[in-house]
Amino acid sequence: MDALKALELTARVTQSLRQIGAVGARGAANALSQLTGQEISISMPIAVMLPLVDLPDLFSPRELQELCVAVYVPFEGDAAGSLALLLRGDQAQTLLSLMGLPVEGDFDEMHLSALREVGNIVASAYLNALADLANMTILPSPPGLAHETIAAIIGSVAAQAMLHDEYGLVVQVRMSSPDHRLTPDMIMLPRPAALAAILSKLEASLDEAA
Amino acid sequence: MKQRNVSIGELVVTADKGEVLVAVGLGSCVGVALYDPTSGLAALAHVMLPDSRGERHDTRFADVAIPAAVEEMTSRGAVKTRIRAAIAGGAAMFNFGPSAHIRIGEQNIQACTRALEALAVPIVASDTGGSSGRTLSLVVATGEVFVKTPGSQAKLLASLAPGREEVAVANAA
């Protein structure tokens with residue numbers, strides 16, 4: 001794995017990863033759109049490779065202290081890694097009320113279960129879109145849910161990934177409703193070992209399509 | 001007083017009485033606060049993973065960060081037998097169903113406890129496990145350790161400077 005330390009993402013690889021992120025995010029945005037009845041757009045994805053210990057640097061110190069609801073979905077198969085859906089501030093409340101489950105005060109069991117399910121549906125849509133694109137099998141695990149500061153969530157996600165890898169690939173994309181009340185972030189951490197496999201399959205399917 | 005952030009994987013040792021060392025957002029990470037009341041030296045390690053397996057000298061790992069903290073404190077004038085510790089964190093952040101997900105938080109707590117025991121540093125208080133993230137602060141001037149969870153006020157976890165009575169008992173012994 002040491003060879004990967006020296007891996008710098010070339011412009012071409014970065015472009016492919018952003019493309020992957022966009023396809024996944026479009027799948028996720030469609031799913032979210034169906035759940036909320038809102039049109040959901042996506043930002044241009046960011047793709048970077050960085051030491052996993054620096055993962056919190058993707059957020060500002062102020063953002064790190066914000067509360068957020070996170071759904072975390074590890075996945076395996078032809079590509080392994082994890083995917084997190086982050087609903088910052090009161091977006092989880094906004095999402096639930098759009099789904100006809102308004103929140104008064106704290107989340108109850110029903111709210112938490114609904115959020116977990118939303119995360120499951122949205123993450124699966126992302127991974128399915130990616131699997132279809134690259135003609136791969138990707139198997140999502142049952143989702144984990146947390147309501148915590150972004151620092152605690154990102155630190156835990158990074159620690160989990162560091163059990164396998166020193167460096168991580170991050171593909172980050174923001175979704176947005178027309179009124180910007182709902183702007184969830186999706187962060188995918190494919191394991192670097194899967195990078196070559198993803199890219200070769202992706203290029204093969206893009207060639208076919210062309 | 002000035003807040004000094006101890007970011008993930010970092011170790012800070014200081015005797016600056018104007019500082020409060022803070023580890024924000026301890027999820028599965030563990031904050032290890034060390035204090036020698038006599039020299040006023042304080043250390044805070046924001047431990048991320050349990051075991052370096054001897055491969056890397058890196059303060060992200062409990063087995064490296066804790067001995068490194070004690071060593072730096074003693075090299076700057078602390079006395080090892082006076083150092084006391086408080087730890088917080090090690091939560092299982094994501095509430096998974098019945099899955100075989102590796103519990104890093106739990107492993108981190110065990111590794112920190114082991115490393116402190118190996119150095120004979122007593123753990124005066126701990127607030128670990130569960131599913132809540134925490135923020136730990138160590139007030140260098142007083143040795144007080146506070147823990148805060150989201151949506152609630154900071155609570156005093158421990159004072160690592162012994163009170164007068166405790167000193168009297170220690171002297172008598």
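Colleague: How many residues of chain A are in contact with chain B, and with how many residues of chain B?
Modeller: This is a predicted model. Contact here means heavy atoms within 4.5 Å. On that basis, the residues of chain A in contact with chain B number 27, and their partners in chain B number 21.

Colleague: Which residues of chain A lose the most area to chain B?
Modeller: About 2,100 Å² is buried between chain A and chain B, with carbon and sulfur atoms giving 68% of that area. On the side of chain A, three residues together account for 22% of what is buried. They are A:Val53, A:Glu148 and A:Leu163.

Colleague: What residues by class make up the contact of H4(A) with H5(A)?
Modeller: From H4(A), A:Ala92, A:Leu95 and A:Leu96 meet A:His111, A:Ala114, A:Leu115 and A:Val118 of H5(A). By class, the residues of this contact are six nonpolar, one polar and no charged.

Colleague: Which residue just after H5(A) takes a positive phi?
Modeller: At the start of H5(A), a side-chain oxygen of A:Asp108 comes to within 3.0 Å of the backbone nitrogen of A:Met110. The helix has 26 residues and reaches 37 Å from first C-alpha to last, close to the 38 Å expected. Just after H5(A), a positive phi of about 55° is taken by A:Asn135.

How values were computed:
Residues numbered from 1 in each chain as written. Chains lettered and ligands numbered in written order. Predicted model: local features only at pLDDT ≥ 70, side-chain atom pairs only at ≥ 80, totals over all residues. Heavy atoms only, no water. Helix = DSSP H or I, 4+ residues; strand = E, 2+ residues; numbered from the N terminus. Nonpolar A, V, L, I, M, F, W, Y, C, P; charged D, E, K, R; others polar. Expected span 1.5 Å × (residues − 1). Polar contact = N/O pair within 3.5 Å; in protein donor to acceptor, adjacent residues only side chain to side chain. Buried area = accessible area lost by both parts, 1.4 Å probe.
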